[in-house]
Amino acid sequence: MSDVKQPDLTHTVDQSWVPPNRTLLIGGADVAPEGDTWDVVNPATEEVIATVGGASAPQVDAAVTAARTAFPKWAALSGEERSVHIHRFADALERAADKLLPSIVNEVGTPVALAEYLQVKMAVDEHLRWAAEAAKTDRTLHLGEYDKPVPTMSDVVHDPVGVVAAITGYNYPLNLAVFKFGAALAAGCTVVLFPSPRTPLTTLFLAELIKESGLPDGVMNIVVGGVDVGKQLSSHPGVDRVSFTGSDGVGAQIMAQAAANLTGVTLELGGKSPNIVLPGVDVRKIAVEMHLRWSRNGGQGCAALARLLVHDTVYDEFLEAGASAFDQMVVGDPWDPRTNIGPMIRPDHRASVQSFIDDSLAVGGRKLLEVTKPVPEKGYFINPVLLGDLAPDARAVQKEIFGPVAVILPFKDTDDAIRLANDTPFGLAANVWCDDPIEARRVAEQIRAGTVWINGGGAMRPDAPFGGFGRSGVGRELGEWGMREYLEPKHIQWRI
C-alpha cells in the first residue's frame, strides 16, 4: 500500500456524518441491542460521536442460528449466483462511499488524505470485487486413475466450512471486514460479523447496505459488544471457523477458546516488520519514503515497517537524508488535507505508545529524529519519533508499538541484517532495499515473513496471500490462499 491516492474532495462530503443505525442485524432484521451500552469517541476531538448497545448472550446465539439457517441455501447457490450477490453488495458500498468515508475518519481518526483510498476504495473496488470474481472459480481437482487394490478414479472438491465468526480490529474497520466476509461469502459460508468496540459505527452502517443490496436474510449478521460477546462467538459450538485480526495476545486467547470445539481459526496478528537498507543503496532517494510509510495511519498498522535496519556505511547519511520527512509529517485534524498523522485510538493506547518512548530513553536510547511541533490540545495525538542507540533485545525493538514510533539499528554485513530481521517472535512483513535484484531476492527468501517487499514493493494485492510466521498469526487472508481458509477439501473416489 505504498501508492496513496489523494482524496477527491471537490464534491460535497458531510464531514460530521455519523451512521444513524444503532441496531444489530440478525437474520435480515434490525434488532435493538439488549446488552451493555458505551460511548464511541472521536479520537481527534475527544467528543462522543454516538452511544451504542451491545448484543446480549441470547442475541449472539440468535445471530449464529440465523447464519446456520441461511447456510444450506447460500452454499447451494452456484458460484456465479454468489458472485452476483457480492457484486451487488459492492455496488451498495460504492454508492455509500461519501458516508463510509466520514464514518471511518471520525471514528478511527485516519487522515482523509489517506482514508479515501486506503480505508474505502481499496476495500471495495479491489478486494471485494476480487472476491466476487473468485466465487466463480471451479476448484475441483481431478486426480485421475489409481490402481491399488482395484482401478479407481478420484476428484477433490471443496465444500464451504459453514458459519464464520469474523472478528475485526479497530484500525481498518471496512478493509479488515471485507478481507474476511468477502472470501467467506464467495466460498459459500455465512457470517456473523463482530467489529472492535472501539470502532463499531462503520460496521453497524453495513447492515443498511446489506439489506439494500438484497443479500439473502441471515447470510450476513452483525453484532457488537465487548469481550464477553467476542468470547461467546469464538467458543460457540455453532461456529465452524473463527477469523480474527488483532493483537497476538488476544489471538492466543481466541485460539484457546475455539479449541474447545476444535473450531478452525484464521488469525492475522501483530508484526515487528524490518525495513533493510543494504550497502550501495542511494539512501537520499528512499529515506523520506520509508519514514512516511511507517508513520502512516499514526503507525496503527500491523505491517508497518517500523524496525529500520541500515548498513553502517550509510547509517549517518540515512539519518541526514530522512530528517526532512519529519518536517513533512503533519499531526492534527484528520479532515485537514495537509494532515498525514492522525490520533491514537484511545488515551490508554496513547499512554502505551508513550511508554515505549520513555522506557527506551531510560535504558540509554535516544530520539534521533522527531516531530517537535506541539500536538493539538484535544485528541489522542502523539508526535512521530525515530529511536536509536537501542540493543536488539530492547523492548521497543522487540514488541509491537502500534504507533508512530520507529527504531533503527545499524548492521555490519548482510548476514547480520538477516539475523536481525529474523530476531523477533513476529513475521508478518519485511522490505529489502537493494540495487542488485539477484541479491535482493536471495535476502528476501531468507527472511521469515509472510510478505517481503523489494525496493518498496507496491499496493496490497487482492490475489496475494497476507499473513505471517510465528506470533504474526495462523493461516492467510486474501487471494486463493484466503479463500481456502473457508473451504474444506473433500475426496470423492469411485471404482471404474
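Me: Where does Pro149 lie in the chain, and how should I read the peptide bond from Lys148 to Pro149?

Reply: Secondary structure here means DSSP runs numbered from the N terminus, with helices as H or I over at least four residues and strands as E over at least two. Pro149 is found in the loop between β5 and β6, and the peptide bond that reaches Pro149 from Lys148 is cis, with omega near -10 degrees. This is a predicted model, in which local features need pLDDT of at least 70 and side-chain atom pairs count only at pLDDT 80 or more, whereas totals for chains, interfaces and linings use all residues. Residues are numbered from 1 along each chain as its sequence is written, and side-chain values use heavy atoms, with hydrogens and water left out.

Me: Over which ring does the charged end of Lys148 sit?

Reply: A charge sits over a ring if NZ of Lys or CZ of Arg is within 6 Å of the ring centre and within 35 degrees of the ring normal. The charged end of Lys148 sits over the ring of Tyr146, at 5.9 Å from the ring centre; likewise, the charged end of Arg293 sits over the ring of Trp453, 4.6 Å from its centre.

Me: In what order do the strands of the open sheet with β5 and β6 run?

Reply: Two strands are paired if DSSP finds at least two bridges between them. Three strands make up this open sheet, in the order β5-β6-β22, with antiparallel pairing. Because β5 (141–146) and β22 (487–495) each have a single partner strand, they stand at the edges, and one side of each is left without a neighbour in the sheet. From one strand to the next, the twist averages 25 degrees, where axes are lines fitted to C-alpha atoms (for helices, over the stretch in contact) and angles run from 0 to 180 degrees between N-to-C directions. Between β6 (residues 152–160) and β22 there are nine bridges in the antiparallel sense, and Ser154 faces Gln493 of β22.

Me: Which loop holds Glu46, and is Glu46 buried or partly exposed?

Reply: Buried means under 20% relative accessible area and exposed over 50%, with partly exposed in between (1.4 Å probe, protein chains only). Glu46, in the loop between β3 (37–41) and β4 (48–53), is partly exposed at a relative accessible area of 32%. Although Glu46 is not a glycine, its phi is positive, at about 70 degrees.

Me: How many aromatic pairs does the structure hold?

Reply: Rings of Phe, Tyr and Trp (its six-membered ring) pair if their centres lie within 6.5 Å, and planes under 30 degrees apart count as stacked, over 60 as edge-to-face and the rest as tilted. The structure holds four aromatic pairs. One of them is the tilted pair of Phe89 and Phe181, 5.6 Å centre to centre with 35 degrees between the planes. This pair links distant parts of the chain, since Phe89 is in helix α2 (residues 79–95) and Phe181 in helix α5 (residues 173–187), 92 residues apart. Phe89 counts as buried at 0% relative accessibility, and Phe181 counts as buried at 0%. The rings of Trp294 and Phe326 have centres 6.2 Å apart and planes at 55 degrees, so this pair is tilted. Trp294 belongs to helix α9 (residues 287–294) and Phe326 to helix α10 (residues 315–328), so the pair ties together parts 32 residues apart in sequence. Both Trp294 and Phe326 are buried.
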